[in-house]
Amino acid sequence: MSLVLAVNAGSSSLKISLFRRSADNAANPALLLSSSTSSIFAPPARFQLSFVAPQHRSLSEEVDSIYDHESAFKHFLHRLKGEASVDTIDIKHIAHRVVHGGDYISPVMIFEESYHHIKKLSDLAPLHNGSALSVISSAIKALPHAKSVAFFDSAFHKDLPTHVATYAINQQVAHEKGLKKYGFHGLSYAFILRTVAAHLNKAPDTLNIIALHIGSGASMCAIRNGQSIDTSMGLTPLSGLPGATRAGDIDASLIFHYTSRSPAHMSHDPSISKEVKVTEAEDILNFKSGWKALTGTADFKEITEKADTSVLSDPISRTVDPNTLAFRIMLDRILHFAGAYHLALHGNVDALVFAGGVGERSAELRRAVGEAVACLGFAVIDETKNSQVNDDEGIIVDIGKGDGMKRMLVCRTDEQLEMAIECSLAKEFWV
């Protein structure tokens, strides 16, 4: 058999899916099993393994011996050997999701040069590239016969218009240091594009959508004729929408005021100013901000359960309730980009698509966004469909009502499946 192992290393999680490639239908690899490991850095980690065929069974356990991504991957291989009738020699390729690829605009085989290139980019994606590299190293050691291939989230945005990708800074410095908008969540957006196009019976290169990948990391993307023309994340995944622990867009000088020794305001007197190191600033803005900084929890479901989500009844809010504030901040930033992308697409939009853990599960957020964008000609959300998304087994769920309107869709994005499809279709990997 020709098996593809798709590995998705998150900031504190590891998702792995095993697929069988079909030589007759490479675009449709068959899922054999999937696993997820969560709370990697807050032991005990939770490990789950689900078999699709032919056994249709699952197991779930807490594992004290998992303390980083490498140990999580080793535990998966241990369980794979003990629980599945899979010969690891049949695993021909290991597809690794890597968030930041820099100037890599297509998947690459992992050799010494590409490994070190990804390593150099770790500072630009501090929550993800390092964890991906640790799994890549572990995979090469454990499965030396398999070809490790990196698939980059940033590659989907390779065709961003120059004026969108360029920052208004000294361009000589920008080119020397690679300072530009890269964009991320590309594997998710590629899957959304592929799946929504099939759902609407349109060719991918004719599709215009506004896509929302809203999870602990959150971003949006404007896709015109199948290409990314703008996205909310930039040089790093920090910019754009706030996330569970990320600040999102801020005034660039905020960090200096935030860390100033002065209790009232920052002074420009160099004798009393405080030096702010890049690592300190990144730690604050990536790990100590976002919904958790506002509410004390990174669980958006818990936030919405406590928040007043009936935003249209009070459009000019002065709320001080932290949960309501966090919800409204998220909504406000989403609408900011939705309006901009609607203009960028000249109003020619086939659908607004929700994806990601929050986008797929939060009926409250979808309802609030839907109420706001209805004025742009999007279908009014069907409350019954919206509330029953979690009960629907389809990959795409249409939550709007009314024909001839811009569609409101929910897509269960699958970055592992997208990597397996792209890996299976790349003939050069199978020579």
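Glu415 touches Asn8, Arg97, Leu187, Ser188 and His213, leaving aside residues up to four places away in sequence; contact here means heavy atoms within 4.5 Å. This is a predicted model, in which local features need pLDDT of at least 70, side-chain atom pairs count only at pLDDT 80 or more, and totals for chains, interfaces and linings use all residues. Residues are numbered from 1 along each chain as its sequence is written, and side-chain values use heavy atoms, with hydrogens and water left out.

Glu415 lies in helix α15 (residues 415-425), while Asn8 sits in strand β1 (residues 3-9). Helices (H or I, at least four residues) and strands (E, at least two) are DSSP runs, numbered from the N terminus. The side chains of Glu415 and Asn8 are joined by a polar contact of 2.9 Å. Such a contact is a pair of N or O atoms within 3.5 Å; within protein, one must be able to donate a hydrogen and the other to accept it, and residues adjacent in sequence count only if both atoms are side-chain atoms. With the same exclusion of residues up to four places away in sequence, Asn8 touches Ser13, Leu14, Lys15, Arg97, Glu415 and Gln416.

The UniProt annotation "binding site", from an unreviewed entry, covers Asn8 and Glu415. They span 408 residues in sequence, yet no two of their C-alpha atoms are more than 7.5 Å apart, so they gather at one spot. UniProt positions are given in the numbering used here, feature names are shortened, and annotations may be inferred rather than shown by experiment.

Relative accessible area sorts residues into buried (under 20%), exposed (over 50%) and partly exposed (in between), with a 1.4 Å probe and protein chains only.

| Residue | Relative accessible area | Class |
|---|---|---|
| Asn8 | 4% | buried |
| Glu415 | 9% | buried |
| His185 | 7% | buried |
| His346 | 70% | exposed |
| Leu254 | 35% | partly exposed |

Two histidines in the table have backbone features. Phi of His185 is near 60°, a positive value in a residue other than glycine, and His185 is in the loop between α5 (171-177) and α6 (186-199). For His346, phi is near 55°, likewise positive in a residue other than glycine; His346 is in the loop between α11 (322-344) and β12 (351-355).

A cis peptide bond, with omega about 5°, joins Pro43 and Pro44. Pro44 belongs to the loop between β3 (30-38) and β4 (45-51).
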